[in-house]
Amino acid sequence: RGELVGLVAFYSLIHLQRQEFPTALTEFRRVLAPGGRLLLAMHGGAGTDVSDETVRTDQWFGHDVSVAATLVTPEEIARLVEAAGFSVDDTAVRSPCAEEYPSQRIYLQASARRAE
């Protein structure tokens, strides 16, 4: 419990259903030492409220495979991260490159708060 100094979740949370985010983020906090760093990268939704937005495809790199991705807004993921026991240090958003899926990209850095 609370021994890791850093955790990177690079486009992994998008594969969870929205209601599973709090559990995953709470588990991230559980394994990080106070002051430990969290770095998230994920797809963002186009609107300001994407609370039900999930994108799906049955093709991935020319292969039949079912993929679902839960999209969030920067504000939504920041709220969820804060509620899980982190202090958000920085959030950056960028537009997709030409060859990427047409969603914004969210990058978030946070620090694990001390237990209260």
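Biologist: Which residues touch the most other members of the largest nonpolar core?

Modeller: In this predicted model, the largest nonpolar core has 26 residues, and those touching the most other members are Leu13, Phe28, Leu38, Leu40, Ile77, Val81 and Phe86. Two or more residues of this core come from each of strand S1 (4-10), helix H1 (21-31), strand S2 (32-44), helix H2 (74-83) and strand S6 (104-112).

Biologist: How many helices and strands does the protein chain have?

Modeller: The chain has 2 helices and 6 strands. Read from the N terminus, their order is β-α-β-β-β-α-β-β.

Biologist: What share of the 116 residues is buried?

Modeller: Buried residues make up 38% of the chain. A residue is called buried when its relative accessible area is under 20%. As for contacts, take those with a separation of 6 or more: 68% of them join residues 24 or more positions apart.

Biologist: How do I read a helix that is part of a core? Which residues of H1 are buried?

Modeller: Start with the geometry of the helix. An α-helix has 3.6 residues a turn, so residues three or four places apart point the same way. In H1, the buried residues are Phe21, Ala24, Leu25, Phe28, Arg29 and Val31. Their cover includes S1, S2, strand S4 (63-70), H2, strand S5 (86-94) and S6.

Biologist: Which residues are buried in H2?

Modeller: Pro74, Glu76, Ile77, Ala78 and Val81 are buried in H2. The elements covering them include H1, S2, S5 and S6. Past the end of H2 comes Gly85, with a positive phi near 105 degrees.

Biologist: How do I describe the way two helices pack? At what angle do the axes of H1 and H2 cross?

Modeller: Take the distance and angle between the axes, then the handedness, then the residues that meet. The axes of H1 and H2 come within 9 Å and cross at roughly 50 degrees. With that angle, H1 counts as oblique to H2. Their crossing is right-handed. On the H1 side, the contact is made by Phe21, Pro22 and Leu25, and on the H2 side by Ile77, Leu80 and Val81. Sorted by type, the residues of this contact are 6 nonpolar, no polar and no charged.

Biologist: Where is Met42, and which residues does Met42 touch?

Modeller: Met42 belongs to strand S2. At 1% relative accessibility, this residue is buried. Leaving out residues up to four places away in sequence, Met42 touches Tyr11, Leu13, Ile14, Phe21, Val72, Ile77, Gln104, Arg105 and Ile106. Met42 and Leu13 are 29 residues apart in sequence, and their C-alpha atoms are 7.2 Å apart.

Biologist: For contrast, how does a strand residue such as Val93 read? What is its relative accessibility?

Modeller: Val93 sits in strand S5. Its relative accessibility is 42%, so Val93 counts as partly exposed. With neighbours within four places in sequence left aside, its contacts are Pro74, Gln104 and Arg105. Val93 and Tyr107, 14 residues apart in sequence, have C-alpha atoms 6.3 Å apart. Gln104 and Arg105 also touch Met42.

Notes: Residues are numbered from 1 along each chain as its sequence is written. This is a predicted model: local features need pLDDT of at least 70, side-chain atom pairs count only at pLDDT 80 or more; totals for chains, interfaces and linings use all residues. Side-chain values use heavy atoms; hydrogens and water are left out. A nonpolar core is a set of buried Ala, Val, Leu, Ile, Met, Phe, Trp, Tyr and Cys residues joined through side-chain atoms within 4.5 Å. Buried means under 20% relative accessible area, exposed over 50%, partly exposed in between (1.4 Å probe, protein chains only). Helices (H or I, at least four residues) and strands (E, at least two) are DSSP runs, numbered from the N terminus. Axes are lines fitted to C-alpha atoms, for helices over the stretch in contact, and angles run from 0 to 180 degrees between N-to-C directions. Angles under 35 degrees count as roughly parallel, over 145 as roughly antiparallel, 65 to 115 as roughly perpendicular and the rest as oblique. A crossing is left-handed if the near helix is turned anticlockwise from the far one by less than a right angle, and right-handed if clockwise. Contact means heavy atoms within 4.5 Å. Ala, Val, Leu, Ile, Met, Phe, Trp, Tyr, Cys and Pro count as nonpolar, Asp, Glu, Lys and Arg as charged, and the others, Gly among them, as polar.
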